[in-house]
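Hi,

Here is the structure I promised to pass on. Have a look when you get a moment, and my notes follow below.

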Amino acid sequence: MIYSYVRYLMEPTPTIPSGEVYRPRVPIRISGPKRSVQIFGLLDTGADHVFVSESLAEVLGVEISGESGSASDAVGHEIDVWPGSVEIEISQTSQTLRWRADVGFLAGDDDPPIAFLGHVGFLEYFKAIFDYGERTVELIPKGDFSVEP
Amino acid sequence: MLAYNKWEQGVETMQTKHQPTVPREYAGKWIAWDHDITRIVASGNSLVDVLKSAEEAGEPDPVLDKVPRVDVHLIGARIR
C-alpha cells in the first residue's frame, strides 16, 4: 500500500524556504459506537501509540469522561489525554484491513493533526518505508499480522 | 483483534496518482476532502461544522483533516 505525502503550503522558513512542507499522511477510517469517519492520520514514528483529537470523540460517540492521563510532546510539553477504544481501518484498491485499538484522545483543538498514528495500535502492524525523495510511504503488512476471516 | 476483508498476499503496488496539496488559506482550519482526495469540499473552525458542510455539499463520506497553522512545524509532535 503506497501513499503520497500530503503537501502543505506554509510560511517560508530558513530551513524550508519554499514553504512547501510534505508530511506522510494516510487516509484511514476510524469508527466508534455512533458512526465512522475517514481522516488523514499522520504517520508518527515518535509517538508511542495512536493519539487522536478529542473533537473526534463527540463525532464517533466515544465516552472520554473521567480522569485523564498525560502525554508529552517532543519538547516536553504535557497534554491531557483520555483513553478510548475505536476501530481503525485502512484500505487501498481491493485491500482492507481493520482492527480495534485503544487510543488516546488529545485535549485541545489548537495545532495537533487530527491523528498521530504511532507504534502501538498502528505502526506495529506494518513495515513502513518512508521515501521523502519520492514523497511516498509504503505500508507493508507484517508477516505476523493476525488476520481472521 | 484484526479482521480480514479481501486481503491478498503480497505488497500492494498501486501508486497514488496525485499529490494532495493544502493551500495556505486553510491553515489552522478543519477541512474535508472529497472521497477521492482530489479537492477540498468544506472547511471551518470545528470538526462537527465541517462534517455537516461536507454532507450538505454532497460528500457524505469525506476525508477529514486538521491543518496546522502556517507557522507551526511538527517535530514528532509540535513546535512553534
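β4(A) and β5(A) form a hairpin, with four residues between the two strands. (Helices, H or I of at least four residues, and strands, E of at least two, are DSSP runs numbered from the N terminus.) β4 covers residues 25–31 of chain A and runs antiparallel to β5(A), joined by seven bridges; strands count as paired if DSSP finds at least two bridges between them. Within this pair, R29(A) sits opposite Q38(A).

Before going on, a note on conventions: this is a predicted model, where local features need pLDDT of at least 70 and side-chain atom pairs count only at pLDDT 80 or more, while totals for chains, interfaces and linings use all residues. Residues are numbered from 1 along each chain as its sequence is written, with chains lettered from A and ligands numbered from 1 in the order in which they are written.

Which other strands pair with β5(A)? One is β5(B), residues 63–66, which pairs in the parallel sense over two bridges; there Q38(A) faces V63(B). Another is β10(A), residues 115–117, also parallel and joined by two bridges, with L42(A) opposite F116(A).

β5(A) itself spans residues 36–43, and seven of its eight residues are buried (20 or more other C-beta atoms within 10 Å of a residue's own; exposed means 12 or fewer, partly exposed in between; C-beta atoms are placed from the backbone).

As for chain B, its one helix and five strands follow the order β-β-β-β-α-β along the sequence. Of its 80 residues, 29% are buried.

Best wishes
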